[in-house]
Amino acid sequence: MACHSGAISLLVALYLILVPCVWGAVVKRSHVVKIKPISIGKGRGDSRPLFGGGDIVENDKLEPQSAACQEPFPAPERGARVCPAMCPFMQYDPHKICHWKCITEDQCLNSPNMPSSVADPVKKICTICTVAGCERCAINAQECLVCKDGFDLDKGTGKCLPSCRWIWRGVYALVGLLVLAGVAWVVELYFRPVVNPDALDSALIHRSHSKVRNEGDNHQLYPLTTNLCSEIIPSGGIGILLHSRFENLALCWAIFVAIVMGSVAMVHSRMRVADLMGIMPFHEEIFDKCQSLTIEDQQQLELMRVHFLYATEFVYVFSFVGALAFSASQRRKFAATEATTPSMGDFALYCKGFPKDGWGPEEPEPGVPGLEDEYTKFFRNSGWGEDVLGVSIVWDVADKQDEVSDILVDTIARMDTDRRHEGPLEVRPNSRGSCSCLAAIEGFLLGVKEPGVGEAGSSTWRGPTVVSGLKDMRTTGATFVVFRTKSALLRALNTPLPKFRGMHEISARHLPFSAGTILWDGFSYNDTQRIVLVFFGILCLLLLMIIWAVAFWGPYAYYVLQWTKVAGASQFMENYQGILQSSMLGLVISTGNQIIYQACATIAEKCRFRTRDSRDKMNVVLYTFAVSLNVVLDLELITYMAHGYQQDTGLDEEALVRNPSMQHALFVQLTSYIYPGTILLPFLFEPFAQGLFPFYIYKWLIRSRPDITRSQAERAFECMPFDLTRYGDLLVNMVLCSLIFFLTSVNIWWMFVQLIVSNLIICIWDHYRYLRYSTRTSFSTAEMDVCGQYLLVFPCAILAGAFAFKYQGGQSMVQDWERHTFFSVREEWIIVVAAMLSHIVVHSLILQFVIPMFVGKFETTPFTYEQAAKISSCAWFNANPVQTLRSIHYFCHEPPHIFDYAGKGHLHKVNREIHAYYEAPDFAPEKSLVQDIMAEVQDATERATTMIKHASERLTEDLSPRMGATFSWSPRRSRGWSPRLDTYEERRFSDITGRR
């Protein structure tokens, strides 16, 4: 282990040392400067750097007519005339802080790169027109004479009003009508009479029973204080533990970066630096701002930029090393937990090569073994011995998935007689007489469809005739062989098998999957077919994204691009109808994102993976790719908005606290995009959208519709299954916040504080959602977590690119780059891309070849299949839907295998002949949220009291020999402990203290 640690440390050290040297060598210029200083000078033509370029010249008096046209010069004193007669107007130079240049009146009024301006004939200053959307101002900057295209002039006020305001008012009216219709429907739904209380009560009971419960302890709900980062939930699997640890990693990373960047902001007096960086063009106040600057302020700005470089390097190194250490920790945790925790994956081998046999005779013949018995005898007689308990045959259910599901649901509903309320199973007509369109929508929400087998009141619901429609079903040629112990499984792997029926070669391998994570319909497809499905799924996603771009993002982009061409658009968006319009457009974008999210989940489902972990990994990868592409498109818009913001900041008095450079304009637009719309609001509203709102809507729907059966009500009212798509959300948020390091601002720390708030909301909600708002879901592998470890490469690569950018003087380069050349091909960007790619390669190679060395081997705790099956309702024989149907309807076992349906654990009965070992008929009642909190407080109080008592007992044992006294607990005194001293000690104590 020491050699492994030294190897990885050496690799990381060499990488961190050599890569900056490579970056510098690529530049191939002799005058490489790590920090390109900003030129800030006061004096005639002085523009010297603060470091390495000589001293700063004090503010000399500028003689009139001393400046040349279009040549930047330091800010003059108020009243000083420095421009010649041929270009008499002074204009602030946005590319250099506190610098001006001389221009003509025509350049002031008609320059294509200038916003609408006014040439003040008295002060000889070119100031910006403060009317948003104005083409040409009147004699002053507060009144417009001619408005731009798309605006109407209000002659009374001299303001420009957008011509599209009537369209927006129509949109507001339409949205308002839809909202009112929705509110009216909810209110009407609330006041509907209760006509189906039995279905509602049954649904409420089933909803509670289907949540994550301790199956080995009377189906108790886990307490809210359960530490999901260290405590393994048997019904949830190791995937939940790894997922919670990944969420904590994202939270700790945000806290670390906030502390580092906050320290940089604290080292530099933030207000003074903010004043320096907040100089805006086109304002008369800029004279006072520039004149108030001191040499210390200028030096502080340069020093702050140096510190930001060091901070970026520190954050990058820490994130890189931390990501590697976390990956090693996750894999070790998985290996240790897998070795000491019983799992169904330890007792089954996947064997294939069998013929695709049929269902068998319509009814089992006495003395004639079924297909399961034939397979079991083959394995026992082939050298695997009596440790083979049985087989779980994989049936081809691709074409009969709906039929199998309907029969299972109806069978379980018929067997579930232990109910609090006995309501009718048959479908009753909906006599409410509501609108057919509304009834259809409600039926779609509830999943109401034609009654399944037996739901019409059939008296014969059990026997071979029920599954007669499945008799043409065939096997996939594969089966899971279940062993008594893991050691027997390992021995079987080394024992060759003869040919089945003398002609079929059988292969066996171990799949580390638990029975609860198996998707049985996925075995109907081979790997080639699945690759084709994945390919077509990606094509469908790309097509949907194109449609989304045209229908949702396209109008938004067109709207933004139109406004970036209008002077004052940023202030208009803040002061007029812009906030409401942006909210409407944000709602459209959010709707499109939800469509993409649901499409990714559907595509992953249609790819027919064999395990839930693989399906969720595909979902996360597709979702992350789609969201990342959306982010790239939005970032392109941000550059346009930043350019418009850079032009418009002169319209606002408050703009004096902002930076005129393209760098700060990008920072403002990027942070506005990230917070709150991206990293906060979606997760803040998620508890309402996924928790409270669906709960009450489905509750009111079920109780008000008499045509809803109990089984339909239970299925509709179930909690949503827990998923692992949060990996994608966290990684996208980390990537977005990492992009900020390309820019310099004293407010970077504040953005990471918002990320901390976002991650806290995610951690708290996911913790509560899993324990109280999710159907029991199992994730038995580390497949999704390993995928997340590789995806962590990208935020670290962005930090590497940001460090390379700042190392090459990117801070100052942003000052000079124009919008249309900002992302053009430059040497600096080539170095940035090279740094990112080099990190991706090195990081991925370490994850692939070095990190596995740190996993190690752990001693395995021996378990038997019976021990594991006693504490989990999901086993290999009842997780297979067709196997349970054959047990109930074909072989008519008593008691039979019951399909492991969440919330129906009380139906399972012990039958050792068919290796059914689980039985737990009771369910502990569920507490309300207030009761949950009070119980947790009481439990914490009891634990604290016990800890204090134990600590006091240990303290007594330590002090008694020294003091010659015994201590005991005194219940009459609130202070707790009181000594009982002997006579000598009492006298001694009185002599010393003067009191007893």
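In the predicted model, a cluster of aromatic residues is linked by ring pairs and comprises Phe354, Tyr375, Phe378, Phe379, Trp384, Phe483 and Phe500. A search of the whole structure gives 41 aromatic pairs. For Phe378 and Phe379, the ring centres lie 5.2 Å apart and the planes meet at 65°, so this pair is classed as edge-to-face. Phe378 is buried, at 12% relative accessibility, and Phe379 is likewise buried, at 0%.

A second aromatic pair is formed by Phe695 and Phe717, with a centre-to-centre distance of 5.4 Å; the angle of 35° between the planes makes the arrangement tilted. Phe695 belongs to helix H18 (residues 681–704) and Phe717 to helix H19 (residues 710–717), so the pair ties together parts that are 22 residues apart in sequence. Phe695 has a relative accessible area of 18% and is buried; Phe717 is buried at 1%. The ring of Phe717 also has the charged end of Arg207 over it, 5.0 Å from the ring centre. Lys211 is placed over the face of Tyr773, at 5.8 Å from the ring centre.

An open sheet is built from four strands in the order E13-E14-E12-E15, with antiparallel pairing. Strands E13 (388–395) and E15 (507–509) are at the edges and have a single partner strand each, so one side of each lacks a neighbour in the sheet. From one strand to the next, the twist averages 25°. Five bridges join E12 (residues 348–352) to E14 (residues 475–483) in the antiparallel sense, and Leu349 stands opposite Val481 in E14. Helix H9 (residues 371–384) lies across E12, E13, E14 and E15 and runs at about 130° to E13.

Notes. Residues numbered from 1 in each chain as written. Predicted model: local features only at pLDDT ≥ 70, side-chain atom pairs only at ≥ 80, totals over all residues. Heavy atoms only, no water. Pairing = 2+ DSSP bridges. Helix = DSSP H or I, 4+ residues; strand = E, 2+ residues; numbered from the N terminus. Axes fitted to C-alpha atoms, helices over the stretch in contact; angles between N-to-C directions. Contact = heavy atoms within 4.5 Å. Phe/Tyr/Trp six-rings, centres within 6.5 Å; stacked < 30°, edge-to-face > 60°. Buried < 20%, exposed > 50% of the residue type's maximum accessible area, 1.4 Å probe, protein only. Lys NZ or Arg CZ within 6 Å of the ring centre and 35° of its normal.
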